[in-house]
Amino acid sequence: MTMGSVPTTMVVGYASLSTRMGVVDAQIATMTRLMERSSRADEQLQVMRTQATKLEERLERLEQW
């Protein structure tokens, strides 16, 4: 099948679909990056909570001293 025998609507439809797939790929990449950032933020928050707990325990020991 040559390009001349492909109906224009099919060519336009394919181009539109291809463009939309590109947009979807970009959105997936963006969501993946956001999820990675969220995961790192969760890890950092957990570290900060652990540090806060340790500091509270030290403060309590100092107050009892």
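I started with Ala-52, which counts as partly exposed because its relative accessibility is 34%. For my own reference, buried means under 20% relative accessible area, exposed means over 50%, and partly exposed lies in between, with a 1.4 Å probe and protein chains only.

Before going on, I noted that this is a predicted model, where local features need pLDDT of at least 70, side-chain atom pairs count only at pLDDT 80 or more, and totals for chains, interfaces and linings use all residues. Residues are numbered from 1 along each chain as its sequence is written, and side-chain values use heavy atoms, with hydrogens and water left out.

**Entry: the fold.** I counted one helix and zero strands in the protein chain. Helices (H or I, at least four residues) and strands (E, at least two) are DSSP runs, numbered from the N terminus. Ala-52 sits in helix H1.

**Entry: overall shape.** What box do the C-alpha atoms of the protein chain fill? Along the principal axes I get roughly 90 × 15 × 5 Å. The radius of gyration is 28 Å, while a compact globule of 65 residues would have one near 11 Å. That radius is taken over C-alpha atoms, and the globule rule is 2.2 Å times the number of residues to the power 0.38.

Entry: Is Glu-57 buried, partly exposed or exposed? I list Glu-57 as partly exposed because its relative accessibility is 41%. Glu-57 lies in helix H1, which covers residues 8–64. From Ser-39 to Glu-57 I find 27 Å between C-alpha atoms, over 18 residues of chain. Glu-57 gathers with Glu-56, Glu-60 and Glu-63 in a patch of negative charge on the surface. Patches are made of residues with over 30% relative accessible area and no salt bridge, with like charges joined within 9 Å and nonpolar side chains (Val, Leu, Ile, Met, Phe, Trp, Tyr) within 5 Å. A salt bridge is a side-chain nitrogen of Lys or Arg within 4 Å of a carboxyl oxygen of Asp or Glu.

Key: Areas by Shrake-Rupley, 256 points an atom, 1.4 Å probe, with all protein chains shown as cover. Lys, Arg positive; Asp, Glu negative; His and termini not counted. Charge placed at Lys NZ, Arg CZ, Asp CG, Glu CD.
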